[in-house]
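Let's take a walk through this model together, with the sequence and the 3D view side by side.

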Amino acid sequence: MDDATITNPSARLRSIAGAALLVEFAESRGLAASAILRGTAIPEDLLRDPHGEITYAQELTLLRNLVEGVDDEPGLGLMAGLMCHPPSLGVLGFAVMSSPTVRHAAEVALRYGDMWFTFAPHRLEEQGDLFRVVRDDTVLPPELRRFALERDVAAISTIQQDIMQMRLPMLAVQVTVGAHPIYEMFATLLGVETIEFDSRRTVLTGKRATLDLPLPSGNIATARFYEQQCVDLIQRRRSRDGVSGRVRELLIRRGGIADQAHVAADLDLSVRTLRRRLADEGTTYRELSSETIGMLAEELLTAGLTVEHVAGRLGYSSTSAFTAAFRAWKGQSPGHFARRHRGRVTDRV
C-alpha cells in the first residue's frame, strides 16, 4: 500500500457508486444534489460515471452534508442502505455473486473494502462453532456514526439477501447505537429476535457452518476472473494515490500554507511534472490546497481558536477573506460553525 494511504487514510480512492446512491437518497428526501455535494469538489456529472472515483475524505464530507441536511434521526440510514444492490458494486459485485460459498464471498468483500459501500472497516473472525463480523467505527466522527452504521448494516443485509435469495440467520447482534422503536427493522433485516444496544462495538454473530453454504450463482472460475479485476483496479488506484496523498501530507505539515513550487521541490519533481501527475489522478494542486485548508480550518475552529486567529494561521490577508472562503466551502460562516462544533474531537478529512 502507498505510504500516503497508510499515513492519511482519507486519501484512499473509492468508487463513486456509494456517493451516487447517497445523493439519490438525499434527493428523495427533498434535498438538492448541489447541497449534498457542497465542499466535496465532486462534479455532479461524475455521479453518473460508472468508473468515477473519489477519495474517502470527499465521501465523508458528502455524508456530513447529508446527515446535516436531513436533520438526522434514527432509521434514515436504514432506508439509505436498502438502495444498495450487488450490481452497483461493479466488478466487486460480480466477484461476490459468483463466489462458491458464503465464506468466499465474505472474504472477497472484506479484502477489497475500498470497493465496497461501507464507511468503516469490518473483519471476519471464526472461533469454535461461531463466526463474528466485527465493525470498527472509530475512524468516523461521532456525529456521523449512527447514520453510517445504519446504512452499512442495511446495505450488507440487502446485498446478502440479493445474492443468497434468503436471509443468512444471525444468532446475536450487538450495536453501538441506543434503542429506538425503528430498530425493530434492524432485527428483521438481520433475522434475529433481539438486539443488544449501546454496546462497545458492533458485532454480528452467526453459526460458523453457514459460511460453508453454497451460493446459487457460484462459479469459482468466474469468481477468480472478477477477483483479478478487483486486484488490478486496486493496484491502479494505489499507484494514483501516491502524489495526491503526498501533496496533502505536505500541505498538512505546512499548515496549509505552501506554494506549488516548494511542494514540487519536496517531492523531487518539477512543477510541470507535478501538475501532470495530479491531472492523471483527476485533481489539481489548487483543489488539494483548498481541500486541505478547509480541513485545517475546521480543526482549528473546533479546537477553540477564534476566527481571526484561524484566518491568520492559514495565511489569509483578512478575516473577511477567510470568512468568504469558509462560507463557500461549508455554506455557513466560520463563527456559526465554531459555535456548533467547538470542543468536538475531529478527524482529518
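The largest nonpolar core has 41 residues, and those with the most contacts inside it are Leu92, Phe117, Met170, Val173 and Leu190. A nonpolar core here is a set of buried Ala, Val, Leu, Ile, Met, Phe, Trp, Tyr and Cys residues joined through side-chain atoms within 4.5 Å; buried means under 20% relative accessible area, exposed over 50%, and partly exposed in between, with a 1.4 Å probe and protein chains only. At least two residues of this core come from each of α2 (17–28), α6 (91–97), α7 (102–111), α8 (142–164), α9 (184–190) and α10 (220–253). Among the contributors, α8 gives the most, with 7 residues. Helices (H or I, at least four residues) and strands (E, at least two) are DSSP runs, numbered from the N terminus.

Before going further, please keep in mind that this is a predicted model, in which local features need pLDDT of at least 70 and side-chain atom pairs count only at pLDDT 80 or more, while totals for chains, interfaces and linings use all residues. Residues are numbered from 1 along each chain as its sequence is written, and side-chain values use heavy atoms, with hydrogens and water left out.

Now zoom in on Phe117. Leaving aside residues up to four places away in sequence, Phe117 touches Arg14, Ala17, Gly18, Leu21, Cys84, His85, Ser88, Leu89, Arg151, Asp152, Ala155 and Ile159, where contact means heavy atoms within 4.5 Å. There is also a second, separate core of 29 residues, which includes Ala20, Ile42, Leu60 and Phe119.

Next comes the sheet. It is open, built from 4 strands in the order β3-β4-β6-β5, with antiparallel pairing; two strands pair if DSSP finds at least two bridges between them. Because β3 (122–127) and β5 (172–174) stand at the edges, each with a single partner strand, one side of each is left without a neighbour in the sheet.

Follow the strands in order. β3 is joined to β4 (residues 130–135) by 6 bridges, and the two run antiparallel. Across this pair, Glu126 stands opposite Phe131, and Leu124 faces Val133. The hairpin of β3 and β4 has 2 residues between the strands, and Gly128 takes a positive phi near 60° there. On its other pairing, β4 meets β6 (residues 202–207) over 6 antiparallel bridges. How much of β6 is buried? The strand is mostly covered, with 5 of its 6 residues buried. β6 also pairs with β5 in the antiparallel sense, over 3 bridges, and Ala172 stands opposite Thr205.

For a local detail, look at Ser333, in the loop between α15 (319–330) and α16 (334–341). A polar atom of the Ser333 side chain lies 3.1 Å from the backbone nitrogen of His336. Ser333 also touches Phe326 and Arg327, again not counting residues up to four places away in sequence.

Finally, how far can you trust the picture? The chain averages a pLDDT of 82, and 90% of the residues score at least 70; pLDDT is the predictor's confidence in each residue, from 0 to 100. Residues 1–8 stay under 50, with 16 contacts in the model beyond four places in sequence. Residues 344–349 are also below 50, and this stretch has 21 contacts beyond near neighbours in sequence. Where pLDDT is low, the predicted coordinates should not be read in detail.

Conventions
Polar contact = N/O pair within 3.5 Å; in protein donor to acceptor, adjacent residues only side chain to side chain.
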